[in-house]
Amino acid sequence: MAGSDDVLFAAARNGEAETQEWTYVRKDGTRLPVVVTVSAMRADDDALRGYICIAHDLSAQRLAERRLALSNEAFRKAFDSAPVAVVLTKTDMTCAHANPAFCAMTGFDMRTLRTMSMLDLMVTADDDERESRVNEYEPLVEGHASAHHTECRVRRADGSSLWAMVHTSLVTDEDGEPVLWVSHLEDVTERKAFEAASRESYARKAEALERLAEIDRTKSEFVSMVSHELRTPVTSILGYLELLADGDFGELGPRQRDALLVVQQGASRLEYLIADLMTLRQFESGTPLPRFEDKVDISQLVQRVTTTLVPVIARRHHSLALEIEDDAGVVCGNERQLEHVVSNLLTNALKFTPEGGQIVVRARKQEGEVVISVRDTGVGIPTEDLSKVFTRFYRGGSEEVAKVPGTGLGLSIVKGIVKHHGGHVSLESQVGAGTTVSVTLPRLELESVSAAPRRELS
Amino acid sequence: MKKILVVEDAEDIRELVAFKLRGAGYDVYTAADGEAGVATARSIHPDLVVLDWMMPRMNGLDAAAAIRADEAFAEVPIILLTAKGQEQDVQRGFSVGVDDYIVKPFSPRELVSRVDAILARARLPR
């Protein structure tokens with residue numbers, strides 16, 4: 001301190017307080033920054049009697065300042081080297097600062113950005129959209145939200161634009177007044193393009209599906225209309241044929257009788273076709289079919305249906321083997337439909353087996369189920385066609401099959417009925433060796449058949 | 001002679017049924033739609049009515065309900081001619097008082113035997 005009295009106390013001598021930053025040296029030699037205030041002490045006669053020195057230790061403040069500088073440096077580095085575009089916007093919407101990633105994304109340099117309103121970077125369809133987008137930030141200003149996330153189109157210096165996901169938060173002062181907007185921008189142009197493409201492709205597929213559904217509806221309506229319109233003439237034809245055959249219009253000669261038989265057979269086939277179409281339409285219509293609760297004894301049913309076909313089997317010189325267990329089981333369902341199933345399987349076997357073949361009809365029980373199967377030594381079905389046989393109107397491609405009359409509806413109806421009864425159909429076949437079709441149906445337990453009232457069966 | 005009313009819009013089928021029933025010894029009256037059928041029923045008081053289901057103006061089911069609503073016909077047997085695929089609706093038919101139904105295409109012979117059977121049953125004291 002020596003030798004600088006004049007300098008140090010000059011102001012104090014002039015009646016002012018003197019404040020200066022000094023560095024003190026402690027006894028142990030360490031230094032500390034201080035701020036020293038010096039005032040003069042005077043007697044009543046204004047004579048200078050001494051000085052008062054007050055020294056404040058500044059080391060804490062210096063440390064805080066150094067920390068702040070470090071923090072600023074860390075922020076600047078984080079800001080400048082961030083791969084994400086960041087922009088700081090003043091409350092008047094001019095750009096306070098933007099990082100290099102932001103400049104690279106938008107193509108504007110820092111100098112140009114400082115002259116622009118950040119609102120001018122936003123691409124909007126019209127003023128209404130612009131206003132509503134600006135209003136989205138209101139909750140941040142009101143303090144109701146801490147951040148706002150939105151997708152928005154951003155203008156580039158070259159006139160092009162990009163889609164950005166913008167995350168914005170607001171820096172406020174101690175009174176809660178807005179000071180600075182901080183926005184992070186993520187380029188989502190590619191994702192948006194991908195989404196748009198997916199949406200378009202989805203829309204195209206949906207449209208194609210709708211078109212297919214429409215075609216299917218039209219087809220169903222057509223089938224329904226045709227079968228309905230055919231029913232009236234078929235009723236007339238079959239009715240009048242019966243009158244003719246019964247001799248209601250006079251006795252017929254043998255040749256007339258033969259001719260009538262041919263017409264009757266043709267008309268019957270037409271009737272079956274219409275009936276099949278109607279049954280299929282019912283299964284397809286999706287309207288819930290009534291639950292039938294006939295208790296059908298499968299052994300009796302298979303026996304009965306087979307018996308009615310014995311004349312046809314004999315005419316084609318087939319040998320018939322029946323392997324029907326006496327109590328194969330009882331099935332809850334519609335007896336007429338189940339008869340249709342068995343007769344369809346048998347008719348198929350007869351039709352597709354060359355004369356002198358062998359037909360085996362089986363009915364047996366297994367765990368909780370009844371299995372009905374019909375095996376023939378017929379033409380068989382090629383492996384690649386096995387999955388198609390349940391398709392409507394499918395008929396085998398071979399010449400032998402083409403010669404056999406039929407509509408290709410039989411098995412799809414069988415499948416529909418069996419499915420409606422909670423069962424399933426399976427098929428094994430080998431070309432030239434024969435086919436086995438098996439129908440499995442859920443069996444009613446014997447106790448419930450004999451003892452349980454109907455309501456427990458449904 | 002028992003009076004039978006046949007209500008059917010298809011002329012061929014109407015005549016076919018009428019012919020067969022006349023041959024079986026019945027006095028047959030015909031109508032071509034539901035409304036005419038109900039009116040004819042009121043004027044001739046038939047012993048049995050054969051009603052087609054699908055008809056213009058008034059269908060068979062509504063006609064059956066209209067006939068049943070008339071006290072004088074509370075007991076007259078009604079046979080409904082239905083189409084395949086409508087069997088589940090037959091339950092509705094029974095609920096409005098239909099006695100029997102026959103699915104088209106049907107055998108005229110079968111229709112006559114049903115009519116005979118129902119009228120034989122109707123003769124028994126209830």
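The lining of the second largest pocket divides into 15 nonpolar, 3 polar and 2 charged residues. The pocket has a volume of about 410 Å³. Here a pocket is an open set of 1 Å grid points, over the protein atoms alone, where a 1.4 Å probe fits, with protein on both sides within 12 Å along at least five of seven lines; lining residues have an atom within 4 Å of a point. Of its 20 lining residues, A:Met93, A:Met118, A:Leu119, A:Tyr137 and A:Ser183 are the closest to the centre.

This is a predicted model: local features need pLDDT of at least 70, side-chain atom pairs count only at pLDDT 80 or more, and totals for chains, interfaces and linings use all residues. Residues are numbered from 1 along each chain as its sequence is written.

These elements of chain A each give two or more residues to the pocket lining:

| Element | Residues |
|---|---|
| β4 | 85-90 |
| α6 | 138-142 |
| β7 | 148-155 |
| β8 | 161-172 |
| β9 | 178-187 |

Chain A has 13 helices and 16 strands. Both are DSSP runs: helices are H or I with at least four residues, strands E with at least two.

Now the core. The largest nonpolar core has 40 residues; A:Val302 and A:Leu346 are among those with the most contacts inside it. Such a core joins buried nonpolar residues through side-chain atoms within 4.5 Å; buried means under 20% relative accessible area (1.4 Å probe, protein chains only). α10(A) gives the largest share, 7 residues. Apart from this core lies another, of 25 residues, including A:Phe108 and A:Leu162. Buried residues make up 34% of the 458 in chain A.

Technical notes. Chains lettered and ligands numbered in written order. Heavy atoms only, no water. Buried < 20%, exposed > 50% of the residue type's maximum accessible area, 1.4 Å probe, protein only. Points joined across faces, edges and corners; volume = space filled by probe spheres on them. Nonpolar A, V, L, I, M, F, W, Y, C, P; charged D, E, K, R; others polar.
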